[in-house]
Amino acid sequence: MRVTNPPSETCDASLPGAMQGWAMTLDTIIAHAASAHADRPVVSIAADGAVLRRTYADVARDARRMSAALLVRGIRRTDRIATLLWKSDDHLVAWYGAMGIGAVAHTLNPRLHPDQVAWIAAHGGGRILILDPQFVPLVTAILPALPAIELLVVAGADDVAATIGGTPAMTFAQFLAEGREDVAWGGFDELTPSGLCYTSGTTGDPKGVLYTHRSNFLHAITANQPNGLALRTTDTVLPIVPMFHANAWGLPFIAPMTGAGLVLPGPRLDGASLHRLMEREGVTFAAGVPTVCQGLLRHLEETGASLTTLRRMLIGGSAVSRALIEAFEARGVEIVQGWGMTETSPLAAMTAPVGDEGALTREAIVTRKSVQGRIVFPNTAKVVDEGGHALPCDGVSAGLLKIRGPIVVDTYFGAGATALDGDGFFDTGDIAVIDPQGFIRLVDRAKDVVKSGGEWISSIDLENMAMSHPQVLRAAVIAVPDETWGERPLLVVETGDDRPSPAGLIDHLTPLVPRWWLPERIAYAAIPLGATGKIDKVALRRLLASDAAPDLIATR
């Protein structure tokens with residue numbers, strides 16, 4: 001692994017007064033939680049709705065047993081341990097158990113197509129696969145494509161067959177019984193790999209991002225600084241975002257690091273289930289993608305329910321509309337928008353307040369919250385033109401967004417060449433502007449921007465304006481060919497039973513966007529979501545090209 005910013009050659013650690021060479025390894029986080037925050041709760045919701053209550057002391061104890069059992073099975077440093085699990089205390093135990101001895105926790109996304117799960121699992125090369133019982137049929141079907149798997153460990157089951165698909169199998173409890181609690185953790189370099197996550201693979205095969213102990217450790221610290229999440233021991237944290245989605249945005253490391261209580265909701269992420277869980281467990285902070293947060297908001301609107309303990313919510317994964325921000329903040333919930341990628345660990349920018357907000361109107365503050373935020377120290381970002389030249393941070397000049405820092409990928413797993421440019425920057429694939437105060441606003445994904453008559457139309461901005469219509473649940477903008485302008489925007493909207501007319505939508509959009517952005521055609525359809533809850537534009541394009549495509553209604 002290439003180090004792009006090596007220590008100065010003039011530094012001599014042997015000089016009097018040098019500090020301890022203490023490795024930043026992730027086992028120290030759960031060990032600290034077990035010592036300083038032993039009784040803080042870890043609450044898990046099983047797939048059947050059962051509530052499991054543990055503490056950080058419990059998780060650390062079982063993680064040590066997990067480490068010892070892995071060693072008994074011959075697992076060594078950098079070996080991959082695959083997980084096909086919902087968020088649960090067993091998943092935490094598996095993570096810290098693997099990482100504590102320098103093995104790698106490789107999360108698999110059960111929402112993906114079975115062929116993709118098989119491809120990612122095979123590429124990761126895990127030797128042991130830990131899974132929830134509901135995924136036994138899936139794993140049985142893909143096992144022929146996973147020759148490296150030596151053992152299946154089924155979590156949340158009282159009993160399993162001795163073999164599944166010809167592969168030895170046992171329960172999670174049986175596996176833990178093979179280990180002891182006195183295993184030694186740590187003792188390896190902080191650049192040792194710790195976790196393996198794959199990108200969503202919307203173009204080509206997914207790419208593996210191999211996190212190190214150092215990168216995840218630094219991400220936990222940088223994301224939780226005062227201008228970031230600022231979580232404390234008095235918080236109770238609900239990561240709605242799954243653990244297989246870029247490490248649940250680092251919250252399984254940040255919560256035990258701070259002693260915040262942790263609530264893991266399992267697969268039931270509908271608005272009613274989330275609201276019930278938040279109220280019962282006293283959740284003060286939650287994190288999720290906009291589509292899931294919209295489901296929670298709809299439940300509140302339809303039932304008249306309130307949020308009595310939730311004070312802040314991090315929303316990321318895709319752009320957050322003004323309407324969503326305003327609706328939650330009207331209910332007393334501060335919204336923090338976060339931006340990042342699997343390749344950035346993932347939180348790289350957040351909408352922290354700045355010193356001038358006392359002089360701003362409420363509308364201006366919401367406008368600032370609706371962009372992607374300022375880059376989190378110690379990372380740096382820039383926008384460049386197509387020739388690679390840096391553009392000014394004037395809030396107007398749009399270019400390719402590039403980022404560099406200790407939480408940013410260098411080389412994809414299994415790839416021979418670095419993913420960085422000659423200056424050590426990673427190309428995010430986003431088109432963005434940066435204003436004089438450092439706030440990043442995404443104009444579009446480079447592959448999604450609509451290039452009409454030589455000018456860019458931001459699909460993100462047009463979607464957000466469409467979703468500010470009270471009858472629009474979701475909106476997506478797709479570029480379609482046009483003989484005159486090259487490309488024009490096609491607006492696809494998902495609504496409830498009370499559907500606005502095309503003319504009504506255009507009337508709503510007209511004062512909000514430039515007139516030349518207004519779409520000539522609108523389609524009404526159920527908008528497909530990808531495996532991480534984002535709008536799946538690849539699937540949407542396939543739908544629009546299929547025999548089942550919705551009618552395209554002319555607006556003018």
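Where in the chain is the place of Ala103?

Mentor: The model is a predicted one, so a word on confidence comes before the residue itself. The average pLDDT of the protein is 91, and 96% of the residues score at least 70. Residues 1-8 have a pLDDT under 50, and the model gives this stretch 7 contacts beyond four places in sequence. Where pLDDT is low, the predicted coordinates should not be read in detail.

Ala103 has its place in the loop between α3 and β4. Its relative accessible area is 0%, and Ala103 therefore counts as buried, the cut-off being under 20%. Leaving aside residues up to four places away in sequence, Ala103 touches Ile75, Arg76, Arg77, Thr78, Asp79, Ile81, Ala98, Pro193 and Ser194. Gly195 lies 92 residues from Ala103 along the chain, yet the C-alpha atoms of the two are separated by 8.4 Å.

Strand β4, residues 104-107, runs parallel to β9 and is joined to it by 2 bridges. Within this pairing, Ala105 stands opposite Gly195 of β9. Helix α4, residues 114-124, packs on the sheet here and touches β3, β4 and β9. The direction of α4 makes about 155° with that of β9. Helix α7 packs on the sheet as well, touching β9 and β10, and its direction makes about 75° with that of β10.

The sheet as a whole may now be placed around these strands. It is an open sheet of 8 strands with mixed pairing, in the order β7-β8-β6-β5-β3-β4-β9-β10. The edges are taken by β7 (163-164) and β10; each has a single partner strand, so one side of each is left without a neighbour in the sheet. Strands of a sheet pair through backbone hydrogen bonds, either parallel or antiparallel.

Both senses of pairing are found around β8. Strand β6, residues 151-154, pairs with β8 in the parallel sense over 3 bridges, and Leu152 stands opposite Ala169 of β8. Strand β7 pairs with β8 in the antiparallel sense over 2 bridges, with Thr163 opposite Pro168 of β8. The strands β7 and β8 form a hairpin that has 2 residues between them, and Gly165 in the turn has a positive phi of about 60°. Strand β8, residues 167-171, is mostly covered, with 4 of its 5 residues buried.

Let us return to helix α7. This helix spans residues 213-223 and is mostly covered, since 9 of its 11 residues are buried. Those buried are His213, Ser215, Asn216, Phe217, Leu218, His219, Ala220, Thr222 and Ala223. They pack against α1 (27-36), α3, β9 (193-198), β10 (208-212), α8 and β16 (347-350).

Beyond four places in sequence, His219 touches Trp249, Gly250, Thr344, Ser345, Pro346, Leu347 and Ile407.

The structure holds 7 aromatic pairs. One of them joins Trp86 and Phe244 in a tilted arrangement, 5.8 Å centre to centre and with 55° between the planes. The pair links distant parts of the chain, 158 residues apart: Trp86 is in the loop between β3 (80-84) and α3 (89-100), and Phe244 is in the loop between β11 (236-239) and α8 (251-258). Trp86 counts as buried because its relative accessibility is 12%, and Phe244 counts as buried because its value is 7%. With Phe135, these two residues form one aromatic cluster.

The charged end of Lys207 sits over the ring of Tyr412, 5.8 Å from its centre. Lys382 lies over the face of Phe425, at 4.2 Å from the ring centre.

Terms used:
Residues numbered from 1 in each chain as written. Predicted model: local features only at pLDDT ≥ 70, side-chain atom pairs only at ≥ 80, totals over all residues. Heavy atoms only, no water. Phe/Tyr/Trp six-rings, centres within 6.5 Å; stacked < 30°, edge-to-face > 60°. Buried < 20%, exposed > 50% of the residue type's maximum accessible area, 1.4 Å probe, protein only. Lys NZ or Arg CZ within 6 Å of the ring centre and 35° of its normal. pLDDT = per-residue confidence, 0-100. Contact = heavy atoms within 4.5 Å. Pairing = 2+ DSSP bridges. Axes fitted to C-alpha atoms, helices over the stretch in contact; angles between N-to-C directions.
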